[in-house]
Every structure is written in structure tokens, then in C-alpha cells.
Amino acid sequence: GCGGGGGRHRGQNRSAPQSFHQTWDNLTNATLRLNHTSDLPVRVIRGPKLSGPNSTSSSGGGYRYDGLYSVTSAELVASGVGKLRTALFTLARVQ
């Protein structure tokens, strides 16, 4: 799955800990939720900041188009020490 947007104060970078609940009001979360309920695919772009085997950092960095994905689930899940709600999305590649 992938995490949603929001949950950090403006100016904090993405590695800062989450400091408040994420909601469906966040534009990124609302759009991915709409993709889920409407069964519309999303285009996935991978970049060098991504960790793990899907990162582009080992192949020289940059960004690459990774294809169309359907959003198979969208939910707000309490997680972490403070049990703050995080938008969690599951994506599956469209064949």
C-alpha cells in the first residue's frame, strides 16, 4: 500500500513524523479515494526518493512512468505511537 497526504505541518519535510490526523479533505487523499470509488486508474511515476526495489536511484536517478494502477482499497487507519489516522491506499497494476 501507499500512504496518503497531509498529517504534517506546512514546511515539514516528508521524513518528519506525522503530527495530526490525515483526512479525506486533503486533495491527494480525496482524489485517490475518488479514483477508488469511480474505478478510475491512476498513472504511477517512480522517482529516486522512493526507497526499495522500485526506486530509480540505482539506475542513475530521474523519474520513470511505471504504468496504470487501479486503487483497490482506500481507508483511514490508526497507526504509530499516537494512533494518528493515516490514509492508506492499495494499488494494483492494470493488465
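**Exercise 1. Count the aromatic pairs in this predicted model and describe what you find.**

Start with the rule: rings of Phe, Tyr and Trp (its six-membered ring) pair if their centres lie within 6.5 Å, and planes under 30 degrees apart count as stacked, over 60 as edge-to-face and the rest as tilted. By this rule you get one aromatic pair. The partners are W24 and F89, in an edge-to-face arrangement with 6.0 Å centre to centre and 65° between the planes.

W24 sits in the loop between β1 (2-3) and α1 (27-38), while F89 belongs to strand β4, so to speak 65 residues apart in the chain. Helices (H or I, at least four residues) and strands (E, at least two) are DSSP runs, numbered from the N terminus.

A quick note on the ground rules: residues are numbered from 1 along each chain as its sequence is written. Since this is a predicted model, local features need pLDDT of at least 70 and side-chain atom pairs count only at pLDDT 80 or more, whereas totals for chains, interfaces and linings use all residues; side-chain values use heavy atoms, with hydrogens and water left out.

**Exercise 2. Work out which strands pair up, and how.**

Two strands pair if DSSP finds at least two bridges between them. Take β2 (residues 42-46) and β3 (residues 64-79) to begin with: they run antiparallel and are joined by five bridges. Here V44 stands opposite G67 in β3.

Now move on to β3 and β4 (residues 84-93), again antiparallel, with 10 bridges between them. S73 faces T90 in β4 across this pairing. The hairpin of β3 and β4 has four residues between the strands, and G80 takes a positive phi near 75° there.

**Exercise 3. Find the salt bridges and see which residues they connect.**

A salt bridge is a side-chain nitrogen of Lys or Arg within 4 Å of a carboxyl oxygen of Asp or Glu. Searching the whole structure turns up three.

- R46 and D66 meet at 2.8 Å, N to O. This pair links β2 with β3 across 20 residues.
- D66 also bridges to R64, with the closest N and O atoms 3.7 Å apart.
- R93 meets D66 at 3.6 Å, N to O. R93 lies in β4 and D66 in β3, so this pair ties together parts that are 27 residues apart in sequence.

Put together, bridges that share partners join R46, R64, D66 and R93 into one network.

Which of these residues are buried and which partly exposed? Buried means under 20% relative accessible area, exposed over 50%, partly exposed in between (1.4 Å probe, protein chains only). R46 and D66 are both buried, D66 because its relative accessibility is 11%. R64 comes out partly exposed at 31%, and R93 is partly exposed at 42%.
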